[in-house]
Amino acid sequence: MSPQSDRDTDTDAGRDTDAGRDADAGRDADTGRDTDTVSGGDPMRPSDHVDSAAPTGGDDAGDAGVTQPTLGFTGYVRFFWRQLTSMRTALFLLMLLALAAIPGSLVPQRTADPNGVVQYKADHPQLFPVLDTLQVFDTYTSVWFSAIYLLLFVSLIGCIVPRTRHHWQALRTRPPRTPARLGRLAGHRSVPVDATTVTGAASTATGANAATGANAATSTATGAPATSTTDAGGTTDAATGLPSVDHAITRAAVLLKRSGYRVERFGDSVSAERGYLRETGNLVFHTALVGVLVAVGLGGGFSYTGQRLLVEGQTFSNVLGSYDSFNPGRWFTQSDLQGYNLTLDKFTTTYEERNLDALGQPLDYTAEVTAREKGGQERTERLGVNAPLSVGGTNVYLLGNGYAMQVTVRDGDGNVAFKDVVPFLPEDSNYTSTGVIKVPDAKPSQLGMVGFFYPTASKLGSGAFASAYPDAQNPMLTLQVYRGDLGLDSGVPQSVYSLDTSGLEQIAGRQSKTASIELKPGQTQQLPDGTGSITFDGVKRYVSLDVHHDPSQAWVAGFAALAVLGLLTSLFVPRRRVWVKAVPRRGAEHGEYDLEYAGLARGEDPNLERAVADIARRHLSDLGVRIPA
Amino acid sequence: MNDLTTNLATYSVVLTYSAMAVYVIAFISFALDMAKRSGEVTAAAAGRAPAAEPRTVATVQGGTVVLERVDETTDGGRGGRGTKFERVGMAMTVLALILHVAAVVLRGIAADRVPWGNMFEFSLTGTALITLIFLLVQFWQNLKFLGVFISGLTIILLGIATVNYYVPVRPLVPALESYWLVIHVFVAIAGTGFFALGAGLAVAQLVQTYRQGRPVSKQLRFMETLPDAERLEVLTYRVLLVGFVLWTFTLIAGAIWAERAWGRYWGWDTKEVWTFIIWVLYAGYIHARATRGWRGARSSWLALIGFAAVMFNFSVVNVFFKGLHSYSGL
């Protein structure tokens, strides 16, 4: 039987060729053919997406056949734009992005590991300039890496903009017509509605026939052949006791609507579609990725990070001059710094003391701090690893710690030339630390000292000291002392952690007659040649703090969360169409008909069959129709 | 030093070795099952000529895959019970997993924290989770034919872990002291489990594609008892999809944790880079699958490249690359 004759016998006159094509092709392939009229609400895809209509002829990469007319300028633009927004380009760029990210993991990066870069330069003097020219040490801000992800995002935007427009229209479109034949669609089943499946029907019908002939006559007169009509809004046909077609379809529409379907009735059938959220989720996911990129890109400009080393008892103010180092974003202004004070009250480290495999391993770092915001109250907080402190629009992170020496130096004249706390930098896991004490005010000559600090000093066989434990259980400070011009007045900036000993004369240490000075807390030693004395007043802990202000962080997090939600809906919400249709039985005398159910997947939908079966089961039980075994 | 800790850690190791021994039995059983399948196919072919009745499970309608008979078993119409060897293999896998989980739990009690604080513990827990996911997936689909792959992978990884990565119980460094260790790492392990399963399916898919391109292949006859290439492709996709979602979560959870611990949510640390690369590769896989001409063998290759990156990230990056994630304990 041809579709044509099939349609002729159909009671629904409103069916057109579209429906015929629907059934034959299994889908109305309106995408790609006519993007302006969205009849089916199919998600729009790049032309080489598997769900797009197959190319009608030639290669879909621009139909580069001989019949192709010469492309004008706009033609070329259009052509390249289509290439850029195609699936294959997106795929290629994704793979390229993965590949381009690799070098950054093989070679130290300036942002993450600046010392590593310096070391690499020393280790590979020949290779370094080549790689540096290629921006390998700044892989993730390099021209080539940026080019790849920017192209990828342009391609992405070029893909999602038309798709969003299309989806917006699809969201306001009714479900398409019911196909003429459901037989070839997924989960198709046909359930007879007659005396064999409806319990009440047989008895009622027989009873009615037996009781009065008049009733039977009425039944024939009013329209036994007109199966699709009912007694004004009744749920069952009075004559046959079967649920009326109208009622059955209405119930089906209600059921589908309740199950989240968008429902449209076409005569004796209902067409339903659900899962528009799938495409919405997909678009939200991709848009959120663009959002993440924009938030990262723009947000970085308004952010700032600063480092500050803070000894116990010291106070740090959130003003520019108070930072040891400061990295502002592009659009940073000083007014972005909200004023607050932060005092380090106490810093403690807990060490592993029982497990011999990990003796002395730090278990926890805790800094007790007092924060005073402008106009705010003083509050005492605990700052630790994994527990940053939020104050004055910034987050304060505890990233390092060490020992600082409290020393007092008296010069040859007996005056106090230096009284300060000097942070020493830890060199190993047992906190053997080094530092420099510069005393430019000492008379008659300036003094410089290179010191070693051992929290738990133990003498090695060689006579040298080493630290055996990170906690300050047996603290000892050793110093090599130099005298001469420290060069602080030369105008060349110097590091506080290093001493240029060229031009200085060592007066205590290996290269001099006097041995290095060894001090325990509270001890004082005279320096050689009457140059003065030094007192080791005590040890204090210090912390190195990172202060971050990044207004974009919340945006990035928000977009990331949105991306996850979009991803989940786009991957796990099924998009499907379901049809319920009443097909009158030819020559039926008592208004018997068949109810047909079928579905169609729009994209990945492994549960379609089950869903159709479920709809059918619920609908039939609602109608009181038994499913034949 | 706490004696209890040492004892528990020792018991954990003993249990790990026991589990490995049972995994080996499981592996051999699964392998014998494969051999038996070859024999069955040959016998069936001799018995009735048209052995292969069409078992189309997925039809392509204008590019949209419509699955038909989803509930149909994937064991190639062998009655759903499998061979005796397969059943032994599954039983041994369950037994091995019980021992394995006991080892994980004891290690956790010994360390008094989640048992994934270093490379050894990560491998120990990770392989247990891979096996668990393999077993749980059976309730959804019959993927017992992956038993050889999964038990083999588990034995190799456990072997490497016990021989090369073993470290005594140590407390966590402060940077790891966070509930994110529980979330971030656990989700990462779970994601890895699904990626492993997906890799096994992708290999099967590639073999099936290769065989389907040839009229009659005498080699690897047991493959005829496996689902066809198209079905395997769909299964690979669905397993990897779960993995991808978990990996996305790993990435984001890691960023949140990095913000708490290191003061920045993303810093292109080596481990971050490789997590990102893996994410992009699997995103590529999902796109490839939706690209005309790429669904099937090509996307399967991408799935395998993705898994290779996962293994690389786990082994080489952890041990040899310098970065903030240097928690291997080696």
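**Ground rules**

Helices (H or I, at least four residues) and strands (E, at least two) are DSSP runs, which I number from the N terminus. The model is predicted, so I keep in mind that local features need pLDDT of at least 70 and side-chain atom pairs count only at pLDDT 80 or more, while totals for chains, interfaces and linings use all residues. Residues are numbered from 1 along each chain as its sequence is written, and chains are lettered from A and ligands numbered from 1 in the order in which they are written.

**Entry 1**

I started with strand 1 (residues 186-193) of chain A, which is joined to strand 24 of chain A by six bridges and runs antiparallel to it. I looked up one bridge here: Arg189(A) has Tyr597(A) in strand 24 of chain A as its partner.

On I went to strand 23 (residues 576-584) of chain A, which pairs with strand 24 of chain A over nine bridges, again in the antiparallel sense. There I noted Ala582(A), whose bridge partner in strand 24 of chain A is Leu595(A). Strand 23 of chain A also pairs with strand 3 (residues 269-274) of chain A, antiparallel, over six bridges. Arg274(A) finds an arginine as its bridge partner, Arg576(A) in strand 23 of chain A.

Put together, I get an open sheet of five strands in chain A, order 1-24-23-3-2, with antiparallel pairing. Strand 1 and strand 2 (262-266) of chain A are the edges, each pairing on one side only. Neighbouring strands here are turned by 15 degrees against each other on average, direction ignored.

**Entry 2: how covered are those strands?**

I call a residue buried if 20 or more other C-beta atoms lie within 10 Å of its own, exposed if 12 or fewer, and partly exposed in between, with C-beta atoms placed from the backbone. Strand 24 (residues 593-601) of chain A comes out mostly covered, with eight of its nine residues buried. Why do I call strand 23 of chain A largely enclosed by the rest of the structure? Because eight of its nine residues are buried.

Then I checked what packs there. Helix 14 (residues 608-623) of chain A lies across strand 1, strand 23 and strand 24 of chain A, and runs at about 20 degrees to strand 1 of chain A. For such angles, axes are lines fitted to C-alpha atoms (for helices over the stretch in contact), and angles run from 0 to 180 degrees between N-to-C directions.

**Entry 3: a four-stranded sheet of chain A**

I also found an open sheet of four strands in chain A, order 5-7-8-9, with antiparallel pairing. Its edge strands are strand 5 (315-317) and strand 9 (378-384) of chain A. Neighbours in this sheet are turned by 30 degrees on average, direction ignored. Strand 5 of chain A meets strand 7 (residues 340-351) of chain A over three bridges, antiparallel, and I noted Thr315(A) with Thr343(A) as its partner.

**Entry 4: chain B**

Chain B has eight helices and two strands, in the sequence pattern α-β-β-α-α-α-α-α-α-α. Of its 330 residues, 54% are buried.

Just after helix 2 of chain B, Asp112(B) takes a positive phi of about 60 degrees.

The axes of helix 2 and helix 3 (residues 119-137) of chain B come within 10 Å and cross at roughly 145 degrees.

**Entry 5: where the chains meet**

I count two residues as in contact if their C-beta atoms, placed from the backbone, lie within 7 Å. How many residues of chain B are in contact with chain A? I get 50, against 63 residues of chain A. Strand 2 (64-67), helix 6 (229-262) and helix 7 (270-289) of chain B each supply at least two residues of that side of chain B. The largest share, eleven residues, comes from helix 7 of chain B.

Definitions and conventions: Pairing = 2+ DSSP bridges.
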